[in-house]
Amino acid sequence: MSVEFWFLIGAALVFWMQAGFAMVETGFTRAKNAGNIIMKNLMDFCIGTVVFSLLGYTLMMGEDALFGLVGVPNLDLFTHFKEFIASPAEGFTDASYFVFNLVFCATTATIVSGAMAERTKFSAYCVYSGVISLVIYPIEAHWIWGGGWLSQIGFHDYAGSCAIHMVGGIAALIGAAVLGPRIGKYVRDKKGKVTKVNAIPGHSIPLGALGVFILWLGWYGFNGAAATSVSELSSIFLTTTIAPSVATCTTMIYTWVKNGKPDVSMCLNASLAGLVGVTAGCDALDALGAAVVGVVSGILVVIVVEKLDLKLHIDDPVGAVGVHCANGVWGTVAVGLLANPDAPAGLSGLLYTGSFRQLGLQLLGFAAVAAWAAVTMLLFFRLLKKLNFLRAEPADELSGLDVSEHGLPSAYADFMPAVDKYAEFGTGDQIVAVTGTTPAAEAIPVKKEPVFSGDGHKFTKVEIVFKEERLFALKEAMNKLGITGMTVSHVMGYGMQKGHTEFYRGVAVETDLRPKVQVDIVVSAIPVRDVIETAKRVLYTGHIGDGKIFVYDVENVVKVRTGEEGYDALQDVE
């Protein structure tokens, strides 16, 4: 009873991983598609539950048939429910096995969502979720876990590096390749050759990080739920902790050396890569073996993500192929290389015993499952594409799938980036230490300067666009100048400061929309020249991008509440 209870708790942890996948995919993509991503992660589990109940479960766990290729379908879940939930003399109830295998099936399905994000029709994704949970996953999972031919010959995939992650990763690779890249991702010349790769950063790294932590927690159930002793469970928890930790450290160092700065999103991917890499052998590796898996996973995920984008020009927004496909393969093979006979599984890896047997079995299993997944998914996605059922229309993709697919104007209703926090702290109007060499005329250009006649009744609007962190200083300086009213807006500036090349997932970010603050001030009695010079003094740091100042003539000013016009409308005294 206690072992089966942990088995079900582990299944619940695996279900919770759906939330992790949803957060990672949402954070690594743009805000205009957040609702669509959430809906896909919800429905691949719900649709998967329906079809897995009807056929998928028995194809996977039914009585072995056709020489270990498939289980015999039945409807015992519906027709013999009393027996289905009854406790057997040995093992767990069929109901426990059903729930456990269902949540693993859902994990396989959801991997594809991120790789095909931001341009796939929701209806096509629903069909895909049904097909992979109905037939594709159950058949190959039967080979490995349902008493099929791979399990009979000794192939080892304890928790799914091959059966789940590699299969989901292959589906993601083929789906992304057949679907094509997001609009604007690659710039092509007249001959169709890619001349430039554009980075499309995700809208929320914190959401992505939350997803990774949720997944890591869930992975203790993913890898450990089938453990039948405390010794086995503790060994699995140990390897499941070491591999992703080492992978993340490896990626941090690798990207730091390669790009000059550690890549946040790649380190998040690395944590997942290490988890995927250790999943097949979590019960067969020792601490050293788990660390080796982590080192390779940390490097492999970066190489695959970058090569896929920069060389093969396959658009995978979240790195699903690098995380799941590449490291699913590596994790499967690593069992044959690094299995320690002293670990709970008792397998003989090549590097510990000199035996090639387990490695040969792992390679055979990898090849068979990969061939099954590649052929079936290629045929399926090509069929959807031929029927014009796969990709969203360009106009829908540009506006965002939240609107076009779900009628959702924004997943973040009534929310916009706030600028008031920048008015709550600062260094006052003190002159900022000049750290750059750009002249003030270039760093804070004034786009128009009218002739100041000084007649006392000329109205002039001064529009200042600058870095958010200088808002407090500018506000204080304007107060001391006698300006008590201004309009503050959050805007996005297009461009990038010269001399700075940053990288997002290995791709150079040459231009970007950056948050700025726009302050509008209308003056009459206070000389416009004083406003301009004060703003330049406060904002100047010596770098391109310090700000811009625009000056406009204003014909009249009207105070709505009192009806006052002209100079009187600008006065705050009642």
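These legends accompany close-up views of one predicted model.

**Figure 1. Overview of the predicted chain.** The model is predicted, not experimental. Its chain has 20 helices and ten strands. Of the 574 residues, 52% are buried. Among contacts with a separation of 6 or more, 78% join residues 24 or more positions apart. The structure also holds three cavities of 30 Å³ or more.

**Figure 2. The second largest cavity and its lining.** This cavity contains about 100 Å³ of space. Three helices, α1 (2-27), α11 (264-279) and α13 (320-338), each supply at least two residues of the lining. The lining consists of F21, V24, E25, I111, L215, N269, L272, V318, G319, A320, V323 and H324. By class, eight of these residues are nonpolar, three are polar and one is charged. E25 is the charged one, since Glu counts as charged. G319 and A320, both in this lining, return in the next view.

Figure 3. D316 sits in the loop between α12 (287-310) and α13. Its relative accessible area is 12%, so D316 is buried, the cut-off being under 20%. The side chain of D316 places a polar atom 2.7 Å from the backbone nitrogen of A320. A polar atom of the D316 side chain also lies 3.2 Å from the backbone nitrogen of G319. Both G319 and A320 line the second largest cavity. Beyond four places in sequence, D316 touches G114, A115, L308, V321 and G322.

**Figure 4. G274 within helix α11.** G274 lies in helix α11, one of the helices that supply the lining of the second largest cavity. The relative accessible area of G274 is 0%, so this glycine counts as buried. Outside the four places on either side in sequence, G274 touches A243, P244, A247 and S297. A243, P244 and A247 are themselves among the buried residues of α10. L300 lies 26 residues from G274 along the chain, and the C-alpha atoms of the two are separated by 9.9 Å.

**Figure 5. Helix α10 from end to end.** Helix α10 covers residues 230-259, which is 30 residues. At 1.5 Å a residue the helix should span 44 Å, and its end C-alpha atoms are 43 Å apart, so the two values agree. The buried residues of α10 are E232, S235, I236, T239, T240, A243, P244, A247, T250, T251, T255 and N259. An α-helix has 3.6 residues a turn, so residues three or four places apart point the same way. Just after the helix, G260 takes a positive phi of about 90°.

Figure 6. Q358 lies in helix α15, residues 357-386. Its relative accessibility is 6%, so Q358 counts as buried. A polar atom of the Q358 side chain lies 3.2 Å from the backbone oxygen of G154. Leaving aside neighbours within four places in sequence, Q358 is in contact with G154, F155, H156, V335, G336, L347 and S348. V335 and G336 fall within α13 (320-338).

Figure 7. I136 belongs to helix α6, residues 122-145. With a relative accessible area of 4%, I136 is buried. I136 and W372 are 236 residues apart in sequence, yet 8.1 Å apart in space, C-alpha to C-alpha. Not counting residues up to four places away, I136 touches V131, W372, T376 and M377. W372, T376 and M377 fall within α15, residues 357-386.

**Figure 8. L66 and F67 between two strands.** L66 is found in the loop between β1 (64-65) and β2 (70-71). F67 is in the loop between β1 and β2 as well. Phi of L66 is near 55°, a positive value in a residue other than glycine. F67 has a positive phi of about 60°, and F67 is not a glycine either. Most residues other than glycine have a negative phi. L66 is exposed, with a relative accessible area of 58%. F67 is at 80% relative accessibility and so counts as exposed, the cut-off being over 50%.

Conventions
Residues numbered from 1 in each chain as written. Predicted model: local features only at pLDDT ≥ 70, side-chain atom pairs only at ≥ 80, totals over all residues. Heavy atoms only, no water. 1 Å grid on protein atoms, 1.4 Å probe; cavity = no way out; pocket = protein on both sides within 12 Å on 5 of 7 lines; lining within 4 Å. Points joined across faces, edges and corners; volume = space filled by probe spheres on them. Helix = DSSP H or I, 4+ residues; strand = E, 2+ residues; numbered from the N terminus. Buried < 20%, exposed > 50% of the residue type's maximum accessible area, 1.4 Å probe, protein only. Polar contact = N/O pair within 3.5 Å; in protein donor to acceptor, adjacent residues only side chain to side chain. Contact = heavy atoms within 4.5 Å. Expected span 1.5 Å × (residues − 1).
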